[in-house]
Amino acid sequence: MNPVKPGETPRTPWIVGVSGASGTPYAAAVLRALLDAGESVDLVVSRASRLTLLDETGISYRDAHWQDDLREWLARGADGKPGTFQPAIDAVRHWSAGDLAAGPSSGSYPAKGMIVVPASTACVAGIALGLSKDLLQRAAGVTLKEGRKLVVAVRETPLNGQTLRHLVTLDDLGAAVVPASPGFYAGATHIQDLVDFVAGRVLDSAGVPHGLYRRWKGDLGGSRTTT
């Protein structure tokens, strides 16, 4: 486990919000890496994202059965193959998206920061405008007002002017805006490599160590393999 820093409690989690944009494999990769790094996680899965998760993976995420559903989700690879990973979710705490009295809704609740992955344009707008239509948006607003790290992994294309202005607002407020745009210099050979690259860049912005992708070292052609 990571050492407890001044001002933190023995359990000071990262809040992870999953919104309704396409890209649930990005969220799964971020969650697995946070847990592998010894971090605690408070998870908020929006109502819209549950429809996306069902469409992209066939998994129903239910409040009453969240542990079984989360374990099945995180075990699945980006290619949809079940049993690819063996996640341990003991460090995860689930909060219902409609629970506005939940811990993360208050600034006095201890948290290291928040990651929204993937972030839909509607979610981006809600956070930028200071709305609190659900726990995800409320927790993001709390993260900003408390001066904690907020990472927003926006997943949409093309982006219209209104969304671009919302993203600039988030940047002005101190959030890190990380588009879900995979790079190819790390030598990706599988869809999971591309997903992990994005997840790794998200975690870089959060300051969480990981080994999800090969970092650039200044060697042209270094991503190519020889046989």
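Trainee: Which side chain does Asp69 meet in a salt bridge?
Mentor: That of Arg62, at 2.8 Å from N to O. Keep in mind that this is a predicted model.

Trainee: How many salt bridges does the structure hold?
Mentor: Nine. One of them joins Arg50 and Asp63, where the closest N and O atoms are 2.9 Å apart. Arg50 sits in helix 2 and Asp63 in the loop between helix 2 and helix 3, so the pair ties together parts 13 residues apart in sequence.

Trainee: Which residues are linked in a network of salt bridges?
Mentor: Arg201, Asp204 and Arg215.

Trainee: OK, helices now. At what angle do helix 4 and helix 6 pack?
Mentor: About 50 degrees, with the axes 9 Å apart. They are therefore oblique to each other, and their crossing is left-handed.

Trainee: What kinds of residues make that contact, by class?
Mentor: Six nonpolar, four polar and no charged residues. Val124 and Ile127 of helix 4 are among them, as are Leu167 and Leu170 of helix 6.

Trainee: Last one: what does Thr12 touch, leaving out residues up to four places away in sequence?
Mentor: Pro110, Ala111 and Lys112. The C-alpha atoms of Thr12 and Ala111 are separated by 4.9 Å, though the two residues are 99 apart along the chain. Thr12 counts as buried, at 7% relative accessibility.

How values were computed. Residues numbered from 1 in each chain as written. Predicted model: local features only at pLDDT ≥ 70, side-chain atom pairs only at ≥ 80, totals over all residues. Heavy atoms only, no water. Axes fitted to C-alpha atoms, helices over the stretch in contact; angles between N-to-C directions. Helix = DSSP H or I, 4+ residues; strand = E, 2+ residues; numbered from the N terminus. Parallel < 35°, antiparallel > 145°, perpendicular 65-115°, else oblique. Left-handed = near helix turned anticlockwise from the far one by under 90°. Contact = heavy atoms within 4.5 Å. Nonpolar A, V, L, I, M, F, W, Y, C, P; charged D, E, K, R; others polar. Buried < 20%, exposed > 50% of the residue type's maximum accessible area, 1.4 Å probe, protein only. Salt bridge = Lys/Arg side-chain N within 4 Å of Asp/Glu carboxyl O.
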